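Here's a quick briefing to read alongside the model. Have the structure open before you start.

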Amino acid sequence: MKNIAVIGTGYVGLVTGTCFAETGNNVICVDIDKEKVERLKNGEVPIYEPHLDVLFERNIKQKRLQFTTDLASAIKDAEIIFLALPTPPGEDGSADLSYVLGVAKDLGKLITEYKVIIDKSTVPVGTADKVTAAIKAETDVPFAVVSNPEFLREGYAVDDFMNPDRVIIGTEDEKAKIVMKELYQPFIRDGHPLIFMDEKSAELTKYAANAFLATKITFMNEVANFCEIVGADVDKVREGMGSDTRIGHRFLYPGIGFGGSCFPKDVSALMKSGLDNNFDFSIIDAVLNVNKKQRIKLLDKILDYFGDIKGKKFALWGLSFKPDTDDIREAPALYLIDELINRGAEVVAFDPEGMDNVKKLLGDKISYVENQYDALDGADALLIATEWSVFKNPDFNLIKSKLNSPVIFDGRNIFNLSDIQEKGVYYSSIGRQTILPKV
Ligand code: UDX
């Protein structure tokens, strides 16, 4: 059992705190937002993340998980302090470290005995050194700064945390290595190692992993676009490529680009890090440019089909950046909406979890419905931007009876081409032949 303080109760902080409490540690989470801390104390989980609520409730009840706004009291007995603070992108794409360094300074003023201070936030290479310097400027008390990046996918964060592929520990402090090893022992299984390295390598591992995955997706998106031009089928190409164990099947699904709170931010930050070091990360530059175009890929198809879309009405299924989350940050659907309404079209949207967040952002620029089929009434086409399970086996007769004409643009390839051929719809997807309704 360890006493742990987690500073920052955002997505990463909450999952980290809850999962460490679940493995028998005493965890106290700190946030400056009083209202949020009150809600957390009452057992309210402020984010949509499957399975988190059960663990959250259980650990609060058993008093292993607590919340406070008081940093000093939270860290007093904590041997381990996690920094799970926001690192929002600045205008130039670089990660803004002001929250991290601000708290580091506070910690320097507060600590009175050896602490292991862990960077969980995704931070540029060299941040551990900056955090160390910020603390050292305030105190002579010994401490270690460890880089321990998270690899949590939204929607699967609890499972990813409890069953990690690997845990990266960046530190050269021998005492901290022992503490980290004990802390992560419950999560380590055969073939899923705890990997020790220096701080800088750990920091770069996170960016390199995310940028590689973003590149893999983007590469497939370009292959899909080329498939459309030469008449190949990306489903077949994907199967053929993915069967090479060096490539693997995962993250090869083409679509309307990657979004979310991590990939776009981390890829831009790595690009900026390169520039800061006079290093031209040209592959990353290409990934960002291709993804920017891919996000509005459906627009090109819609314009090809309709020509002018002024006054046209589009039903949009899916707003969140991926299924099983209410997160709409950098969601391709938002970029598509923007292009459609700028051209005078009307959008009626449905999403199982993301609508409240879009309402806050876009208000009445688009309309919202509580049932996916209600979006179709009098619409000129159905657009699919997120592959929620609930969209995958729809009532095609109902779709056809409600749409003005049976036209579907699918940005996530959720239907099999062989199945859709029988449905009597015009169906355009990514990297595959367009299906015309049988006459
Ligand atoms: C990602 C990383 O997976 C995780 O390790 C990191 O810590 C945070 O960023 P997340 O953003 O939650 O997690 O989503 P993920 O499931 O990785 O998907 C990212 C984006 O890529 C989504 O927009 C998704 O739609 C897209 N994607 C993913 C594809 O377009 N094709 C694929 O084959 C896979």
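This is a predicted model: local features need pLDDT of at least 70, side-chain atom pairs count only at pLDDT 80 or more; totals for chains, interfaces and linings use all residues.

Residues are numbered from 1 along each chain as its sequence is written.

**Overall fold**
- The protein has 17 helices and 14 strands; these are DSSP runs numbered from the N terminus, with helices being H or I of at least four residues and strands E of at least two.
- The radius of gyration, taken over C-alpha atoms, is 24 Å, close to the 22 Å that the globule rule gives for 439 residues, so the protein is as compact as a globular protein of that length. That rule is 2.2 Å times the number of residues to the power 0.38.
- Along its principal axes, the C-alpha trace spans about 80 × 45 × 40 Å.
- Of the 439 residues, 43% count as buried, meaning 20 or more other C-beta atoms (placed from the backbone) lie within 10 Å of a residue's own; exposed is 12 or fewer, and partly exposed is in between.

**Domains**
- The domain assignment gives domain 1 (3-197), domain 2 (207-293) and domain 3 (295-428), with bounds from an automatic or database assignment.
- Where domain 1 meets domain 3, the contact (C-beta atoms, placed from the backbone, within 7 Å) takes 4 residues from domain 1 and 6 residues from domain 3.
- The C-alpha centres of domain 1 and domain 3 lie 38 Å apart.
- An unreviewed UniProt entry annotates residues 315-417 as "domain: UDP-glucose/GDP-mannose dehydrogenase C-terminal"; such annotations may be inferred rather than shown by experiment.
- Over residues 315-417, the chain is 26% helix and 17% strand.

**Ligand shell**
- The ligand is surrounded by 19 residues, and the closest are E154, Y253, F258, G260 and C262; a residue counts as near if its C-beta atom, placed from the backbone, lies within 6 Å.
- By class, the shell has 11 nonpolar, 4 polar and 4 charged residues. Nonpolar covers Ala, Val, Leu, Ile, Met, Phe, Trp, Tyr, Cys and Pro, charged covers Asp, Glu, Lys and Arg, and the others, Gly among them, are polar.
- Helix α9 (residues 199-230) gives the largest share of the shell, 3 residues.
- Domain 1 and domain 2 both give residues to the shell, so the ligand lies between them.

**D53**
- D53 is found in helix α3 (residues 52-61).
- With 16 C-beta neighbours inside 10 Å, D53 counts as partly exposed.

Notes:
Two residues are in contact if their C-beta atoms, placed from the backbone, lie within 7 Å.
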